[in-house]
Amino acid sequence: MNLTITPGKLSGTVTPPPSKSQSHRLLIAAALAGEGSVIHNLADSQDIRATRRCLAELMTNSRTLPELDCGESGSTLRFLIPVALALRGGGRFTGRGRLMERPQKPYFDLFDEKGIRYAQKDGVLTVEGRLTPGEYRLPGNVSSQFFTGLLFALPLLEGPSVIIPTTQLESEAYIGMTLDAMHKFGIDIASTRSLPPHYLISGGQKYRRAEVAAEADWSQAAFWYAANRLGCTVDVRGVSPYSTQGDRVIESCCLELSRPGDTEIDMSGCPDLAPPVAAAAAVRQGTTRLVNAARLRIKESDRLSAITRTLSAMGADAEEGPDFLRIRGREALAGGCTVDCCNDHRIAMMAAIAATACREPVTLLGAECVAKSYPSFWDDYKMLGGIILEYAGE
C-alpha cells in the first residue's frame, strides 16, 4: 500500500494498541501454564500472531521437531528458541524479511558450550538438544531478548541455574517486563544486587494459570508524543505511568527536546524510541545526538540508515555515524518527496509523524508495514485529522 500525506496538524484523543512487548510475554507464560488462562486486551498484530502460531505448534504432542514460522518477529524467534529446547528438544525456525539474518551469536556461543546442536541454512535455523541446569553467561550489551528466552525456559529444568551478564546490561527494562509477566503466572526469579545483576533461577517450577490484561503500548504512544513536539495536540489515553515498559521514558525524551540548545539522548535502554525521537528532533532549536544506537542496524531495517535517509529526503538535517544519529533541528521540513518505508513499521510511522511538520505532501511506499505492530495506525491517523490519499502500488 502506498499513500500520500497532506501536511496538517493532528488533534484529538487516541488510545494506543495493547503493548506488543507485554503481549508476547503474557502469551508465552500462559502457554507454559497450560489451558485455562485469560489474557484481556491482547495485541493483534502480525508479530503477536506469529507468537500465537508458534506456541500452538510447540504445545502439540508430536515427537517430531516443531516447525516454527516466526514471520518477521525477532521477539518470537529469540524468546522461543530456549523454550523449544526445554519443551521439545529443539525446533526448526523460519521467518521472513530480515529476520533470519539477525544475529543469534549469544545463543550459539552457549550452545557450543552446552553441547546443543544448531545449523542455519537457506533461511532455516535448526536447534536440537536439551537445556541443562547450570550457569549461562551472556553479554549485556546485546538484545535483552536472549535473556528473556532463557528466563522463560530455565525454571522448567530440574535444577537451579544462573544467568550472568558479562557486561553492563542494556534494555534492562525489557528484562523487568519479562520477570513481571512470569511473576503473574507463578514464577519468581531472584536477582543479586550486583551491577549488572545476576538472575538466580530455581528449577522445577511450574507456571500457574492466571487472568491478566496487557497495557497500552508506550512504544506506539511514543509516535503521538513526538507529534505533539511537532505542534500537534494529541491526547494519549490508556498508558500507565507506572508501567514496566521501558519506552515510557518517551515523556522525558520529549521534555528534553522541548528545551532549546544542543542535547544528547542515550538509546541503549530504549532503541525502539529512536524513530519517534528523531522525528521530534528534526524540528527544534538545537542539535540532537542519539547515542549508543548500534543495535538499530539489525532491526527490520538498518534503522540508523533508514531514519537518516527518510528524514533527509523530507528536508531534515540528519547524519548517521556507526552508533549514533546527529540531527540539526530546523524550523520546518520541506516535504514534497517520496520515501520508502523499508518494510519497517517504525520507519513508516516516523515518516507519517514527520509529515505533519512538512510544507509539501509526502508519499510513503509500502505503508502497510505498520501492521507488524500497530494495524490501526492509519485509521487512528485519519481519526486525528490526518489527510491521506491511498493508492495501490506495483
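Author: Two strands pair if DSSP finds at least two bridges between them. The model is predicted: local features need pLDDT of at least 70, side-chain atom pairs count only at pLDDT 80 or more, and totals for chains, interfaces and linings use all residues. Residues are numbered from 1 along each chain as its sequence is written, and side-chain values use heavy atoms, without hydrogens and water.

Reader: What makes strands β1 and β19 a pair?

Author: β1 (residues 2-6) and β19 (residues 362-365) share 3 bridges, in the antiparallel sense. The cut-off is at least two, so they pair. Leu3 has Leu364 as its bridge partner in β19. Strands here are DSSP E runs of at least two residues; helices are H or I runs of at least four; both are numbered from the N terminus.

Reader: What makes β18 and β19 a pair, and in which sense?

Author: β18 (residues 337-340) meets β19 over 4 bridges, in the parallel sense. Cys337 stands opposite Val362.

Reader: Why is the unit of β18, helix α11 and β19 called right-handed?

Author: With the strands pointing away from the viewer, the path from the first strand over the helix to the second must run clockwise. The β-α-β unit of β18, α11 (residues 345-355) and β19 is right-handed, so its path meets that rule.

Reader: How do you know that the span of helix α7 agrees with expectation?

Author: The expected span is 1.5 Å times one less than the number of residues. For the 12 residues of α7 (residues 218-229) that gives 16 Å, and the end C-alpha atoms are 16 Å apart.

Reader: Why is α7 called largely enclosed?

Author: Buried means under 20% relative accessible area (exposed is over 50%, partly exposed in between; 1.4 Å probe, protein chains only). In α7, 10 of the 12 residues are buried, so the rest of the structure largely encloses the helix. Among them are Trp218, Phe223 and Trp224.

Reader: What makes Leu364 stand out in the largest nonpolar core?

Author: Such a core joins buried Ala, Val, Leu, Ile, Met, Phe, Trp, Tyr and Cys residues through side-chain atoms within 4.5 Å. The largest has 72 residues, and Leu364 is among those with the most contacts inside it, as is Trp224. The largest share, 9 residues, comes from α11. Leu364 touches residues including Leu3, Val339, Ala348 and Trp378 (heavy atoms within 4.5 Å), not counting residues up to four places away in sequence.

Reader: Why does Ser75 count as buried?

Author: Ser75 has 12% relative accessibility, so it falls under the cut-off. Ser75 is found in helix α3 (residues 74-88).
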